[in-house]
Amino acid sequence: MTPAPVCDLLFTMRERAATLSKAQQQVAATVLDDPQFALRANVDALARRAKVSPPSIIRFCRALGYAGLREFKLNLAHALAIGTATLHRALAPGDNMQTVTHKVLQGAASALADLEQHIVPAVVERAVMCIAKARRVDCYAVGNTSMFMASDAQARFSRLGLQSNFYFDAYLQLVSAATMTRNDVVLAISHVGRMPFLLESVGVAKGQGATIIAMTQPSTPLAALADIVLPIVVPADPLMRVGTEAYLAQLAYLEILMVGTGLRRGPPALSQLKRVRQVLQERGADAEAHPVLQAAWSKRERQAS
């Protein structure tokens, strides 16, 4: 196999992931998650981080067209040094907008496809069942992206007829946590998963007997606290701590949780959804034009005629 062009090395690892063995995919994911570590690590250290055997590291390098780890690391260092990953892992200097558009969209599609490999249906089913039968579902978040997701989750659950709240304030999260019971659920959303006040609130809620569902990276302290983890496994974004691909993964999980919960709650949830849609349409919130405006213009037209 011809080695990947230097400027496209990180992108190529993701593009070729489906053609690699399971062990080699684990190596690729480890490199993409922390390229700087991969540059420093020897074969044994990289193998331990990827949870594979040392020979798998060599086979991975050869699968990408390199003689061994040394040649692969030289090209990886070059790719990082020339700044191809400053704005996006796949971009190269001189890319036109057609190429930029293709690479960004392909990266997003690839991230969602890769995410599916980390989703365990039984775990999602357990999360859905806990939410569907909960007395109350409170959504906690920290950070701009996670706050938006928690707000969206609360709106979705409310439409299904669930009692649900959204909190991003540390004080209010603690108040919520202190009033949790074993019949309640906390959905904690944080890609970083290390913010002290969020962990404190989750710990209090867990002590109250609530079920903790965490949408976070698998290795975070939040994941360690949770009863159910919905893992966000996407390559690290070079520009933002929580990048577009993490955002898309969280959004996909919310859609899965809402649809699954709606199915488990059955006809009452579907009736609730229809009622919400009807009210919004009647009052113009989901209509092309607000009924009051339509009536006003109709009256004006009649007077003019």
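Predicted model: local features only at pLDDT ≥ 70, side-chain atom pairs only at ≥ 80, totals over all residues.
Me: Let's start with the whole chain. How many helices and strands does the chain have, and what share of its residues is buried?

Reply: The secondary structure comes to 15 helices and five strands. Of the 305 residues in the chain, 43% are buried. The chain exposes about 15,800 Å², and carbon and sulfur atoms supply 57% of that area. As for contacts between residues at least 6 apart in sequence, 69% join residues at least 24 apart.

Me: Why is Ser146 called buried?

Reply: Buried means under 20% relative accessible area. Ser146 has 3% relative accessibility, so Ser146 counts as buried. This residue is found in helix H9, residues 144–159. Leaving aside residues up to four places away in sequence, Ser146 touches Ala141, Ile189, Ser190, His191 and Gln250. Gln250 is also one of the buried residues of H13.

Me: What makes Leu162 buried?

Reply: The cut-off is under 20%, and Leu162 comes in at 6% relative accessibility, so Leu162 counts as buried. Leu162 sits in the loop between H9 and strand E2 (164–167). With residues up to four places away in sequence left out, Leu162 touches Ile131, Ala132, Ala134, Phe157, Thr261 and Arg265.

Me: How do you know that the span of helix H13 agrees with its number of residues?

Reply: The expected span is 1.5 Å times one less than the number of residues. Helix H13 (residues 244–265) has 22 residues and should therefore span 32 Å; its end C-alpha atoms are 31 Å apart, which agrees. Among the buried residues of H13 are Glu245, Ala249, Tyr253, Leu257 and Thr261. Just after H13, Gly266 takes a positive phi of about 70°.

Me: And what span does helix H7 reach?

Reply: Helix H7 (residues 97–116) has 20 residues and reaches 29 Å from its first C-alpha to its last, close to the 28 Å expected at 1.5 Å a residue.

Me: How do you know on which side of H7 the buried residues lie?

Reply: The buried residues of H7 are Val100, Lys103, Gly107, Ala108, Ser110, Ala111 and Leu115. They cover an arc of only 165° around the axis, so they lie on the same side of H7. These buried residues pack against helix H1 (9–15), strand E5 (228–231) and H13. The face turned away from the buried side carries the exposed residues Gln98, Leu105 and Glu116.

Me: Why is Leu172 called partly exposed?

Reply: Partly exposed lies between the buried cut-off of 20% and the exposed cut-off of 50%. Leu172 has a relative accessible area of 39%, so Leu172 is partly exposed. Leu172 is found in helix H10 (residues 170–178). Together with Tyr171 and Val175, Leu172 forms a nonpolar patch on the surface, with about 310 Å² of accessible area together.

Me: What makes Asp34 and Arg49 a salt bridge?

Reply: A salt bridge needs a side-chain nitrogen of Lys or Arg within 4 Å of a carboxyl oxygen of Asp or Glu. The side chains of Asp34 and Arg49 meet at 3.8 Å, N to O, so the pair passes that cut-off. The pair links distant parts of the chain, 15 residues apart: Asp34 is in the loop between helix H2 (22–33) and helix H3 (35–40), and Arg49 is in helix H4 (residues 43–50). At 25% relative accessibility Asp34 counts as partly exposed, and Arg49, at 41%, is partly exposed too.

Me: Which pair of side chains meets in a salt bridge at 3.0 Å, and is that pair buried or exposed?

Reply: Arg136 and Asp138 meet at 3.0 Å, N to O. Both Arg136 and Asp138 are buried.

Me: Why is Arg283 called exposed while Glu282 is called partly exposed?

Reply: Exposed means over 50%. Arg283 has 51% relative accessibility, so Arg283 counts as exposed. Glu282 has 43%, and therefore counts as partly exposed. The side chains of Glu282 and Arg283 meet in a salt bridge at 3.2 Å, N to O. Elsewhere, salt bridges that share partners join Asp152, Arg156 and Glu255 into one network. A search of the whole structure finds eight salt bridges.

Terms used
Residues numbered from 1 in each chain as written. Heavy atoms only, no water. Helix = DSSP H or I, 4+ residues; strand = E, 2+ residues; numbered from the N terminus. Buried < 20%, exposed > 50% of the residue type's maximum accessible area, 1.4 Å probe, protein only. Contact = heavy atoms within 4.5 Å. Patch = residues over 30% accessible without salt bridge, like charges linked within 9 Å, V, L, I, M, F, W, Y side chains within 5 Å. Areas by Shrake-Rupley, 256 points an atom, 1.4 Å probe, with all protein chains shown as cover. Arc of directions from axis to C-beta.
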